[in-house]
Amino acid sequence: MRKSGILLPIFSLPSPYGIGAFSKEAYEFIDNLKAAGQSYWQILPLGPTGYGDSPYQSFSTFAGNPYFIDLQDLIDRGWLTGEECDACDFGSNSRYIDYEKMYHARFAILRVAYERSNIAKDRGFQAFVRKNEYWLKDYALYMAVKGKLDNKGYQEWPDNIRLRRPKAIEKYEKELADEILFYQFQQYMFHVQWMALKKYANRNGIEIIGDIPIYVAFDSADTWSNPELFQLDRSGKPLGVAGCPPDAFSETGQLWGNPLYRWNYHKKTGYEWWMKRIAYCYELYDVVRIDHFRGFDAYYSIPYGDPTAEFGHWEKGPGYHLFQTMKERLGDKKVIAEDLGFLTDSVIELVRKTGYPGMKILQFAFDSREDSDYLPHNYSANCVVYTGTHDNDTSLGWYRTLAAADRNFADRYLPIVQQKGVELEIVRAAMASVADTAIIPMQDYLGCGSEARINTPSTMGNNWKWRMSLDELHDETAVERIFRMTKLYGRLPAAE
């Protein structure tokens, strides 16, 4: 069945407190999605972010970002006052997140709420801690120790705790008991609020598309607490790290720096850690987009310490066996395979064998020198089409910077007769295509330029910041625009 949805990160929602959150504005956005005839809300990974603020470099693959906790809910519970929240400096620009101010103010106000909550006596909290002990215990300890040690990466910690020696674990658990409880409190409030928001979305016919990065961050609770899962030497240093080889977009490739998996070990365990990770994703989301899907077929290994990705090599991944295990253990689940980039025959075969829909990006289609699989006339129905993703410019920004020959090609193909409203013609091409699912970044329906770009890969300092305005959230003409496009191209939900 033909469907469509909107891509918008949680942090890009408007809210009074510096960053998008699980606040009333999130519920209003879901109301808009329903009114606009949408079936999906796609978000980015929900994990707590560190240096660089990227949701793809999280301190935990299981934990949630405490920045998303709705402070109004804590006010309603009597743990905070509106005056206390208003007095916090979360930054003065409603359009862009100030992560430095967010870091200093958010945890301070959350601690005030924690100290008034008496959370340890809460039965719901106790049940949450028991159910999630397999990851929560290590995560809370890791974050508490990290805070005590000046937020250094765990590889810089003293050997006794870096290598998880039992006496050191016992010592820190006792010494940092209150701080550990504070981090558990954050995760409980995140979970309670997110599950309520997801339930509201589902009740209104909106499914959540979540994102699972293939890799975890080197400085993460996952690597620290499960070193046997990764290609590390005896001292805990990576043998190789993840990235992409040099290509037309980057002469030296992309050096991500994530530790690589010991796939032989994972196979021996029946992919136990992966099954827990994926199962947890399906508690949080209805559909999971698996990032860098080609890495399960073959992954690029760069020697640890290299300054660039130029001298890496390819190694074989787990292939179909991982997804076969997933289907046997978890049943048939809704998956989107992020199969972008250079695809070998074996990657194409892996996607085909799983049956998962791959991705088509319209912004990749208009190379005047050659035909492209990303042009709509080359699609099959079993795919998900995007105008662009979080890693692309907005459609308007992209069009404005196209090379002359490529823009001429796009003008003839779409066809574009005037530049006013060009972004909607690009949206139209996606919505009109045979792809079963079309996902459109919210910025394209709002007509935003490059100022609203979410991320520019391989750059630091100006990413993951853009937010909608309240006026845009309440723009009924935008909702009507989305509805008309959705209805015209047969993507409205079936009438109940």
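# A tour of salt bridges and the core

Begin by selecting lysine 101, which is partly exposed at a relative accessible area of 32%; here buried means under 20% relative accessible area, exposed means over 50%, and partly exposed lies in between, as computed with a 1.4 Å probe on protein chains only. The model is a predicted one, in which local features need pLDDT of at least 70 and side-chain atom pairs count only at pLDDT 80 or more, whereas totals for chains, interfaces and linings use all residues. Residues are numbered from 1 along each chain as its sequence is written, and side-chain values use heavy atoms, with hydrogens and water left out.

Helices (H or I, at least four residues) and strands (E, at least two) are DSSP runs numbered from the N terminus. Across the whole structure, a search finds 23 salt bridges.

Staying in helix 4, select glutamate 115 and arginine 111, which are four residues apart and therefore separated by about one helical turn. Their side chains form a salt bridge at 3.3 Å, N to O, and glutamate 115 counts as exposed at 56% relative accessibility.

Now move to arginine 289 and aspartate 211, a salt bridge whose closest N and O atoms are 3.0 Å apart. The pair again links distant parts of the chain, with arginine 289 in strand 6 (residues 287-290) and aspartate 211 in strand 3 (residues 207-212), 78 residues apart. Arginine 289 is buried, with a relative accessible area of 3%, and aspartate 211 is also buried, at 3% relative accessibility.

Finally, turn to the largest nonpolar core, which has 162 residues, those with the most contacts inside it being Phe29, Trp41, Trp194, Trp274 and Phe296. Helix 9 (residues 177-203) gives the most to this core, with eleven residues. Such a core is a set of buried Ala, Val, Leu, Ile, Met, Phe, Trp, Tyr and Cys residues joined through side-chain atoms within 4.5 Å. End on tryptophan 194, which, leaving aside residues up to four places away in sequence, touches Ile10, Phe22, Ile43, Leu46, Ile208, Leu284 and Tyr285, contact meaning heavy atoms within 4.5 Å.

Notes: A salt bridge is a side-chain nitrogen of Lys or Arg within 4 Å of a carboxyl oxygen of Asp or Glu.
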